[in-house]
Amino acid sequence: MIINHPLLGPRDASEFTYLGDASLINRPDWQSDSAAAEFHDYLYLRDNPAGTHRELWFHEQGDRSWLVVTRNTLTHEILATELARDVARKTGRGK
């Protein structure tokens, strides 16, 4: 599988480590009154869809960047790749 890195171009998937669902970027607020329940859901409840899914990948053998890869889990077709920092900034997280 080839992942089209937004900065480095096409790279082999063996250079990356898969972390999981891209919703991990949306870490709960630890100071919230319901933080324990929110962290429980954050850590243990995940979707495992068949079809289009947004995933978090780490470029371990390259520039060590984090990517959000939108991939069809049935065909392994990659539909989009974005830097995770850009995704976090779009949602108001990060600097």
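Buried means under 20% relative accessible area, exposed over 50%, and partly exposed in between. The exercises below apply these classes, among other criteria, to a predicted model.

**Exercise 1. Classify Ala-80 by accessibility and describe its surroundings.**

Step 1. The relative accessible area of Ala-80 is 31%. Because this value lies between the two cut-offs, Ala-80 is partly exposed.

Step 2. Ala-80 belongs to strand E6, which covers residues 78-83.

Step 3. With neighbours within four places in sequence left aside, the contacts of Ala-80 are Val-68, Val-69 and Thr-70.

Step 4. Glu-55 is 25 residues away from Ala-80 along the chain, and the two C-alpha atoms are separated by 10 Å.

**Exercise 2. Determine how many salt bridges the model contains, and examine the pairs Glu-15 with Arg-11 and Glu-55 with Arg-71.**

Step 1. Side chains of opposite charge can pair when their charged atoms come close. The cut-off applied here is 4 Å between a side-chain nitrogen of Lys or Arg and a carboxyl oxygen of Asp or Glu. The count under this rule is five salt bridges.

Step 2. For Glu-15 and Arg-11, the N to O distance is 3.2 Å, and the side chains form a salt bridge. Glu-15 is buried at 18% relative accessibility, whereas Arg-11 is partly exposed at 27%.

Step 3. For Glu-55 and Arg-71, the N to O distance is 2.7 Å, and these side chains also meet in a salt bridge. Glu-55 is part of strand E4 (residues 52-58) and Arg-71 of strand E5 (residues 66-72), so this pair ties together parts that are 16 residues apart in sequence. Both partners, Glu-55 and Arg-71, are buried.

**Exercise 3. Identify the salt-bridge partner of Lys-90 and the network to which Lys-90 belongs.**

Step 1. The partner is Glu-82, with the closest N and O atoms 3.0 Å apart.

Step 2. Through salt bridges that share partners, Lys-90 and Glu-82 are joined with Arg-54 into one network.

Step 3. Lys-90 has a relative accessibility of 65% and therefore counts as exposed.

**Exercise 4. Assign the residues of strand E1 to its two faces and describe how E1 pairs with E2.**

Step 1. In a regular strand the side chains alternate between the two faces of the sheet. Strand E1 spans residues 2-5; Ile-3 and His-5 make up its covered face, and Ile-2 and Asn-4 its uncovered face.

Step 2. Strands E1 and E2 (residues 9-12) run antiparallel and are joined by four bridges. His-5 has Gly-9 as its bridge partner in E2.

**Exercise 5. Count the aromatic pairs and state the geometry of Phe-39 with Tyr-42 and of Phe-58 with Trp-66.**

Step 1. Four aromatic pairs are found.

Step 2. The rings of Phe-39 and Tyr-42 are 6.0 Å apart centre to centre, with 80° between the planes, and the pair is edge-to-face. Both residues lie in helix H1, three residues apart, and are separated by about one helical turn. Phe-39 is partly exposed at 22%, while Tyr-42 is buried at 14%.

Step 3. The ring centres of Phe-58 and Trp-66 are 4.6 Å apart and the planes stand at 35°, so this pair is tilted. Phe-58 counts as buried at 14% relative accessibility; Trp-66 is partly exposed at 38%.

Step 4. One aromatic cluster is formed by Phe-16, Tyr-18 and Trp-57.

Key
Residues numbered from 1 in each chain as written. Predicted model: local features only at pLDDT ≥ 70, side-chain atom pairs only at ≥ 80, totals over all residues. Heavy atoms only, no water. Buried < 20%, exposed > 50% of the residue type's maximum accessible area, 1.4 Å probe, protein only. Pairing = 2+ DSSP bridges. Phe/Tyr/Trp six-rings, centres within 6.5 Å; stacked < 30°, edge-to-face > 60°. Contact = heavy atoms within 4.5 Å.
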